[in-house]
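Open the structure in your viewer and keep the selection tool ready. We will go stop by stop.

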Amino acid sequence: MKTLLIVSGGIEATHGVRRAKELGHRVVVSDMNPAAPGFAFADDHLIASTYDADATAAAAEHYHRTVSPIDGVITIGADVPLTVATIAHRLRIPGIPVEAAALAQDKLAMKQRFAAAGIPVPWFASVPSAATLERIVAERGANLVVKPVDSRGGRGVQRLRDGLDLRDAWERAAEQSPTRRVMVEAYLPGPQVSTESILIDGQGFTPGFSDRNYEHLERYAPYFIENGGDLPSHLPPATQEAVKKTVEAAGRALGITTGNIKGDVVVVDGKPHVIELAARASGGYFCTREIPLNTGVDFIGTVIKLALGERVDPADLTPRSFTPVVQRYAFPKPGRVTSVSGAESARTMPGVEELLVTVKAGDTIRTPTDSNCTAAMVLATGADPVAAKTNATRALDALKIETVAA
Ligand SMILES: Nc1ncnc2c1ncn2[C@@H]1O[C@H](COP(=O)(O)OP(=O)(O)O)[C@@H](O)[C@H]1O
Ligand SMILES: [Mg+2]
């Protein structure tokens, strides 16, 4: 029996913890939260901040020496590739280079690397001060995106437009950066996609491919609030192929030869541009639920195998089906939640595969400013894309989240 360490015991990691158990492994979960949901399914746990690479690595090393040797390490949903790579390096178990993980956690360094490697990216620049932002806007116009260099989940990412106070925008981005670093990019118009790939000895496989839904772009401007996604993609097959080749090349450009990567891509006039590449498995149930439902590929099972140094058969990464899957989020009226009902019956509705409610009575719902502001998520399948979407919306309609102005 092998021992797998999963960094993060968040709700989105629980399916991965369970999958690792099903595969017959001993599972240790590390998280700072003593009540982390993932602990319930694990054999053992470590208490350490997932973002603190040294603290988690020290706890892992101690466990490795005194309790049981750790054979592999992964994370699911948490943006902590540096923690995972540091542990892998110190325990001499499979992992991506620490340098690749560090690049993936720094959007500026990552884009510099991509630009040098010929990977298409939007125009970008470092913005050390609000005054610099004002100068850039004066030179290039306001069709720009300002963002923290090292945050996640859309926090502080804003699309500029005429009339938006640039000093406030800069400050909102800086606030979300642990190092108070801000950058700016050209806003790229076009369909956005999420991908999830595995590289094996430099060869890429991309079974995860989802069209991201940005129907709320205007409603929640200047913030980018994603409302789920649709699988399979509606993009032409040749464009999908180009996206896959681009993200796989981007992974190699970061220095990853074997490992998994999650891509954020915008397609501009048929040409893929990389917004960012995460050197970890996705959150939001993409890798644990959507890819298997859509393609039959056990993505997270494969990630676990790679982390344990086991051989992966490329055939296992080839989609076996293209079942329509639709993911949508609930955005109740901002205010204080007075009641939540209907979840049980929504779960039994046709096509509903997952319904996650993340608020309860007494909670406060804010106007969304990032992707942590959702109240519920549904995943539904259907005989065709329209049916899958209908199933998803029906389930969210059946879920009643009542609020009163706070
Ligand atoms: N240059 C850009 N052009 C168009 N959309 C962008 C751009 N930069 C960011 N976005 C949108 O904002 C979202 C969040 O930005 P991203 O850089 O991925 O930060 P995070 O790490 O917080 O996810 C992206 O998924 C995308 O929808
Ligand atoms: Mg992103």
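Which residue in strand 8 stands opposite Leu144? Select Leu144 and look across: the residue is Ala186. Bear in mind throughout that this is a predicted model.

**Stop 1: the antiparallel sheet**

Select residues 144-148, which form strand 6, and residues 182-186, which form strand 8. These two strands run antiparallel, and 5 bridges join them. Now bring in the rest of the sheet. It is open, has 4 strands in the order 5-8-6-7, and its pairing is antiparallel. Strand 5 (124-126) and strand 7 (158-159) are at the edges. Each has a single partner strand, so one side of each has no neighbour in the sheet.

Next, select helix 7, residues 166-175. Helix 7 packs on this sheet and touches strand 6, strand 7 and strand 8. Its direction makes about 35° with that of strand 6.

**Stop 2: the whole protein**

Zoom out. The protein has 12 helices and 19 strands. Its radius of gyration is 21 Å, close to the 22 Å that the globule rule gives for 406 residues, so the protein is as compact as a globular protein of that length. Along the principal axes, the C-alpha trace spans about 60 × 50 × 45 Å. Buried residues account for 49% of the 406 residues.

Colour by domain. The domain assignment gives domain 1 (3-93), domain 2 (123-186), domain 3 (190-317) and domain 4 (325-404). The centres of domain 1 and domain 2 are 34 Å apart, taken over C-alpha atoms.

**Stop 3**

Select strand 3 (44-47) and strand 4 (72-75). Both stand at the edges of a sheet, each with a single partner strand, so one side of each is left without a neighbour there. This open sheet has 4 strands in the order 3-2-1-4, and its pairing is parallel. On average, its neighbouring strands are turned by 25° against each other, direction ignored.

Pick out strand 1, residues 3-7. Strand 1 runs parallel to strand 4, and 4 bridges join the two. Click Leu5: its bridge partner in strand 4 is Val73. Then show residues 299-307, helix 10. Helix 10 lies across strand 1 and strand 4, at about 145° to strand 4.

**Stop 3**

In soluble globular proteins, nonpolar side chains tend to be buried together.

Centre on Ile6. Beyond its neighbours within four places in sequence, Ile6 has contacts that include Ala13, Val17, Val29 and Ile76.

**Stop 4: a loop**

Is Gly24 buried or exposed? Select Gly24 and see: Gly24 is exposed, with 8 other C-beta atoms within 10 Å. Gly24 sits in the loop between helix 1 (14-22) and strand 2 (26-31). Gly24 and Glu310 are 286 residues apart in sequence, but 14 Å apart in space, C-alpha to C-alpha.

**Stop 6**

Select residues 400-404, strand 19, and show the side chains. They alternate along the strand. Ile401 and Thr403 point to one face and are buried. Finish on Val340, which stands opposite Ile401.

Notes. Residues numbered from 1 in each chain as written. Chains lettered and ligands numbered in written order. Predicted model: local features only at pLDDT ≥ 70, side-chain atom pairs only at ≥ 80, totals over all residues. Pairing = 2+ DSSP bridges. Contact = placed C-beta atoms within 7 Å. Axes fitted to C-alpha atoms, helices over the stretch in contact; angles between N-to-C directions. Domains from an automatic or database assignment. Rg over C-alpha atoms; globule rule 2.2 N^0.38 Å. Buried ≥ 20, exposed ≤ 12 C-beta atoms within 10 Å, placed from the backbone.
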